[in-house]
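Visitor: Hi! Could you walk me through this one?
Guide: Happy to. Let's bring it up and start with a term we'll need.

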Amino acid sequence: MTSKSMRSFAGGLIVAAGLCGAVYFFGPGEATGTSEKLSEDDMKESLASKGYVIHSEKEWEDQIAEEQSIKDKAEAEKETEKEKEPTEKIIYRTVLKVSKGSTSIDVGKTLQKAKVIKNANEFSDEVEKKGKANGLRPGTYEVDSEMTTDKIISIIFK
């Protein structure tokens, strides 16, 4: 760039800044006093007519505290109801038929389907840990969910 073009560019910036300043100070707006000043009540009315809900900070905090107390009361009532309700433990029973050639995994899956145990793989792993995987006895057995895994294994395996 030449020095002449730089001066022209700088002059343009000065003119543009001057115009922006003139519009800011002398144009329509709050600075000239031509805009209407609204009171707080007028602002609330204007916003309410457009569907807004206006609260002071104190009103807002009071509303939140009231809602929290309602939630706390509801939770306390639920806990009271839970305490009043008798807790019944459901016991699942099944008759298990073990045939020759069955594995501990097969037995575990059957017991899991009958809801006697929670996890067939854990049952099979427990049988493996005890070294009784090859000691499966064919037959018919009655087991329930109140029995421990060790008790079930001792009934079905040698």
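Guide: A residue counts as buried under 20% relative accessible area, as exposed over 50%, and as partly exposed in between. Keep in mind that this is a predicted model.

Visitor: Thanks. Is Y24 buried or exposed?
Guide: Y24 has 60% relative accessibility, so it counts as exposed. F25 is exposed as well, with a relative accessible area of 56%.

Visitor: How many aromatic pairs does the structure hold?
Guide: There are two aromatic pairs. Y24 and F25 form an edge-to-face pair, 5.1 Å centre to centre with 80° between the planes. In the other, the ring centres of F123 and F157 are 6.4 Å apart and the planes sit at 50°, so that pair is tilted.

Visitor: Where do F123 and F157 lie?
Guide: F123 is in helix α5, while F157 is in the segment after α6, so the pair ties together parts that are 34 residues apart in sequence.

Visitor: And F123, buried or exposed?
Guide: F123 is at 2% relative accessibility, so it counts as buried. F157 is buried too, at 1%.

Visitor: Let's talk about the core. Which residues touch the most other members of the largest nonpolar core?
Guide: That core has 15 residues, and the ones touching the most other members are V98, V107, L111, F123, I152, I156 and F157. At least two core residues come from each of β1, α4, α5, β2 and α6.

Visitor: Which element gives the most to this core?
Guide: α6 does, with three residues.

Visitor: What does V98 touch, leaving out residues up to four places away in sequence?
Guide: V98 touches V107, L136, R137, P138, G139, Y141 and I156.

Visitor: Back to α6. Which of its residues are buried?
Guide: In α6, residues 149–156, the buried ones are I152, I153 and I156. Looking down the helix axis, the buried residues fall within an arc of 100°, so they line one face of α6.

Visitor: What covers them?
Guide: The cover includes β1 (93–98), α4 (104–113), α5 (120–130) and β2 (139–144).

Visitor: New topic: how many residues of α1 are buried?
Guide: Zero of its 24 residues, so to speak of cover, α1 is hardly covered.

Visitor: What span should α1 have, at 1.5 Å a residue?
Guide: Helix α1 covers residues 3–26, and its 24 residues should span 34 Å. The C-alpha atoms at its ends are 34 Å apart, which agrees.

Visitor: Great, thanks!

Note on methods:
Residues are numbered from 1 along each chain as its sequence is written. This is a predicted model: local features need pLDDT of at least 70, side-chain atom pairs count only at pLDDT 80 or more; totals for chains, interfaces and linings use all residues. Side-chain values use heavy atoms; hydrogens and water are left out. Buried means under 20% relative accessible area, exposed over 50%, partly exposed in between (1.4 Å probe, protein chains only). Helices (H or I, at least four residues) and strands (E, at least two) are DSSP runs, numbered from the N terminus. The arc is that of the directions from the helix axis to the C-beta atoms. Contact means heavy atoms within 4.5 Å. Rings of Phe, Tyr and Trp (its six-membered ring) pair if their centres lie within 6.5 Å; planes under 30 degrees apart count as stacked, over 60 as edge-to-face and the rest as tilted. A nonpolar core is a set of buried Ala, Val, Leu, Ile, Met, Phe, Trp, Tyr and Cys residues joined through side-chain atoms within 4.5 Å. The expected span of a helix is 1.5 Å times one less than its number of residues.
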